[in-house]
Amino acid sequence: MTSDYLGVGGTQRDSDIALAASVARNDPTAVNTLFTEYVNAVSRYVVHLVPDLTESDLEDVVQETFIGVLRSAPEYRGDCSLSTFIMRIAHHKAIDALRRRQVVEKHESTFASMSGEDIDISDGTTSIEDGIISNQQIAMIRKSLSELPEDQRQAITLRYVLGMKVDDVADTMKLSRRMVELLITRGRSALKGKLSGLLES
């Protein structure tokens with residue numbers, strides 16, 4: 001993501017700090033930039049973390065996330081990337097939604113606009129999807145992902161759906177890097193087993 005707040009000779013972190021500072025001052029242009037740059041990533045994360053949310057509930061969680069970001073913007077000091085800062089808030093809002101709601105029926109339209117490229121859980125040497133991109137197989141991947149234990153699903157979603165670095169995943173989940181690596185390894189192994197069974201059935 002690029003931003004007009006990134007000046008000549010500046011770094012991405014400088015851009016993050018400048019954007020957050022402008023948001024903290026309620027600069028409408030900055031607020032619009034923040035929303036435009038991060039709304040899709042927040043939506044994808046929430047959808048994968050809480051796959052049973054209705055479209056209306058998804059919109060509520062995304063809105064709550066950005067309200068939280070606006071309120072917390074004055075606290076941002078550049079200790080982590082702005083993306084990590086925002087996803088940490090999205091994480092808490094999504095978990096809140098997961099805990100206070102038990103949705104029975106899945107709202108399939110939530111995933112309608114998402115392509116198979118949104119999920120890449122390969123380990124760099126082998127591909128779980130094995131190059132398959134049919135809608136049926138994408139649905140298999142998402143179903144298997146939703147069946148993982150909550151902490152594994154969170155780690156896999158942050159690392160492979162949103163493409164965050166392991167250190168940023170650890171920062172978002174408030175866990176050690178070693179624990180996150182363990183969750184990712186176990187989650188990836190579980191997904192391989194689930195997908196193998198699904199593809200053979």
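Me: Which residues does S81 touch, not counting residues up to four places away in sequence?
Reply: This is a predicted model. In it, S81 is found in the loop between α3 and α4. Leaving out residues up to four places away in sequence, S81 touches R13, D16, Y76 and D168.

Me: Is S81 buried or exposed?
Reply: Buried means under 20% relative accessible area. The relative accessibility of S81 is 16%, so S81 counts as buried.

Me: With which side chain does the side chain of S81 make a polar contact?
Reply: S81 sits in the loop between α3 and α4. The distance of the polar contact is 2.9 Å, and the partner is the side chain of T84.

Me: How many Å apart in space are Q12 and L82, C-alpha to C-alpha?
Reply: Q12 is found in helix α1. Q12 is partly exposed, at 39% relative accessible area. In sequence, Q12 and L82 are 70 residues apart; in space, C-alpha to C-alpha, they are 9.3 Å apart.

Me: Which element gives the largest share of the largest nonpolar core?
Reply: The largest nonpolar core has 49 residues, and L34, V42, L82, M87 and L162 have the most contacts inside it. The elements giving two or more residues to this core are α1, α2, α3, α4, α6, α7 and α8. The largest share is 10 residues, and it comes from α2.

Me: What does L162 touch, not counting residues up to four places away in sequence?
Reply: L162 is among the residues with the most contacts inside the largest nonpolar core. With residues up to four places away in sequence left out, L162 touches A41, R44, Y45, M87 and T157.

Me: Which residues is I86 in contact with, leaving aside its neighbours within four places in sequence?
Reply: I86 is found in helix α4. Its relative accessible area is 0%, so I86 is buried. I86 and S72 are 14 residues apart in sequence and 9.5 Å apart in space, C-alpha to C-alpha. Beyond its neighbours within four places in sequence, I86 is in contact with L34, Y38, V42, T65 and V69.

Me: What distance separates the end C-alpha atoms of α3?
Reply: Helix α3 has 18 residues. At 1.5 Å a residue, α3 should span 26 Å. The end C-alpha atoms agree with this, as they are apart by 26 Å.

Me: Which residues of α3 are buried?
Reply: Buried means under 20% relative accessible area. In α3, the buried residues are D57, L58, V61, V62, T65, F66, G68, V69 and S72.

Me: Why are the buried residues of α7 on the same side, and what arc do they cover?
Reply: Helix α7 runs over residues 166–173, and V166, V169, A170, T172 and M173 are buried in it. They are on the same side of α7 because the arc they cover around the axis is only 165°.

Me: What is the phi of K174?
Reply: Most residues other than glycine have a negative phi. K174 is exposed, with a relative accessible area of 55%. Its phi is positive, near 60°.

Me: Where is N26?
Reply: N26 is not a glycine, yet its phi is positive, at about 60°. N26 is exposed, with a relative accessible area of 61%. Its place is the loop between α1 and α2.

Methods
Residues numbered from 1 in each chain as written. Predicted model: local features only at pLDDT ≥ 70, side-chain atom pairs only at ≥ 80, totals over all residues. Heavy atoms only, no water. Buried < 20%, exposed > 50% of the residue type's maximum accessible area, 1.4 Å probe, protein only. Helix = DSSP H or I, 4+ residues; strand = E, 2+ residues; numbered from the N terminus. Arc of directions from axis to C-beta. Core = buried A, V, L, I, M, F, W, Y, C linked by side-chain atoms within 4.5 Å. Contact = heavy atoms within 4.5 Å. Expected span 1.5 Å × (residues − 1). Polar contact = N/O pair within 3.5 Å; in protein donor to acceptor, adjacent residues only side chain to side chain.
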